Amino acid sequence: MKELAGRLTALDPDAGAAVQVIAYFDRLAESRAGLEALVRGAAVLAGVPARLADAERRVRVRIEADGTRRDSDVPPDAAWPCAALAPGGAPALWLERSEAAPSVVDAVILERAAGAVRLVLDRTRGRAPADDPALVETVLDATAPEAARLHAARRLGLDVAAPARVLALPEGRPRIVPADAEPPAGRLGVGPAVPVLDLPDSWAAARTALRFTAEGTARDPGPRVVRAEELGGVALLGELVAPGAEPPPDVQVLESAAATTPWLLATLYAVASTASLRAAATEVNVHHSTLQDRLAHAEHLLGWPLRTPQGRLRLHLALTMRHLARP
């Protein structure tokens, strides 16, 4: 898709941009993004505020061009580019652009965003069997009315008077569990325990925590389970390193070195995550002198020291950002 967009951009900038918009909303739909994320995508791509207003289903979301949510009671301007959520329906999604005629890219943004929004609303606002995943999505949708979220929570068997937490799994589907339940085995991000109506926040934190996890293998060393509460300020790195974006320079150097040195990643993770070099040597099952030799070679490959506090911090950040940069 990137190659196609690049070729089209060379021939027609609008066509290339339109292909990128389509790919962007396809990714959001595949990840089961919520209404706020979809409206935010429309606003950021268009460079102007976007708003969703569906009176029938009592949904109102407005996002500024910088991604900040700022709802408004001012009615939409009839001159703004807009789209209905269903053929023949009333306009429900707008781009607040009044200074120029709508472009081809605006039309594609509205069409793709409206289609994705319609799918989310169909899943989360209709009646569903008790085992339907739409119930989970309703509970985790901050834009859904409180009564609808509480009703969905009860149908899921949750105690609405007790705290719960959300687990984020690699396949993308969330799981809601009681606050005192032990997380299942496997790779996952664990959201904080919160009241039922705050579960959308737990879901967001769980997704962030999942980005810090690893497979726990020699090629992808790191923790398989990460709790959002334990990240602290490190969680802010998730806002700085976008999934699928070009990795930071230290990560690129790390990947290049690992491509020719099979033991590198596991050894460096042990160095970054243990209290001493002797503990790191034990972790990777090598003699202390062997570890020293490996570190000397790694320092040559990476270009910075690994046996100083500053070097270990830089290494830890590089390993962490490597996980965050994954698509």
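Colleague: Hi! I'm new to this one. How many salt bridges are there?

Modeller: Welcome! The count comes to 19 salt bridges. Keep in mind that the model is predicted.

Colleague: Let's start with Arg32. Which side chain does Arg32 meet in a salt bridge?

Modeller: That would be Glu137, with 3.1 Å from N to O.

Colleague: Nice. Is Glu137 buried or exposed?

Modeller: Glu137 counts as buried because its relative accessibility is 12%, and the cut-off for buried is under 20%. Arg32 has a relative accessible area of 34%, so that residue is partly exposed.

Colleague: Which residues are linked in a network of salt bridges?

Modeller: Arg51, Arg62, Glu64, Arg70 and Glu96 are linked that way. Among the pairs is Glu64 with Arg62, where the closest N and O atoms are 2.9 Å apart. Both Glu64 and Arg62 are buried.

Colleague: Why can such side chains pair at all?

Modeller: Opposite charges can pair when the charged atoms of the side chains come close.

Colleague: Okay, new topic: strand S5. How many of its residues are buried?

Modeller: Five of the five residues in S5 (residues 164-168) are buried. Ala164, Val166 and Ala168 lie on one side, Arg165 and Leu167 on the other, and both faces are covered.

Colleague: Which strand does S5 pair with over five bridges?

Modeller: That is strand S6 (residues 174-178), and the pairing is antiparallel. As one example, Ala164 has Pro178 in S6 as its bridge partner.

Colleague: What about the hairpin of S5 and S6, how many residues are between the strands?

Modeller: Five residues lie between them, and Gly172 in that hairpin takes a positive phi near 100°.

Colleague: And how many bridges are there between S5 and strand S7?

Modeller: Two bridges, again in the antiparallel sense, with S7 covering residues 188-190.

Colleague: Great, thanks for the tour!

Conventions:
Residues numbered from 1 in each chain as written. Predicted model: local features only at pLDDT ≥ 70, side-chain atom pairs only at ≥ 80, totals over all residues. Heavy atoms only, no water. Salt bridge = Lys/Arg side-chain N within 4 Å of Asp/Glu carboxyl O. Buried < 20%, exposed > 50% of the residue type's maximum accessible area, 1.4 Å probe, protein only. Helix = DSSP H or I, 4+ residues; strand = E, 2+ residues; numbered from the N terminus. Pairing = 2+ DSSP bridges.
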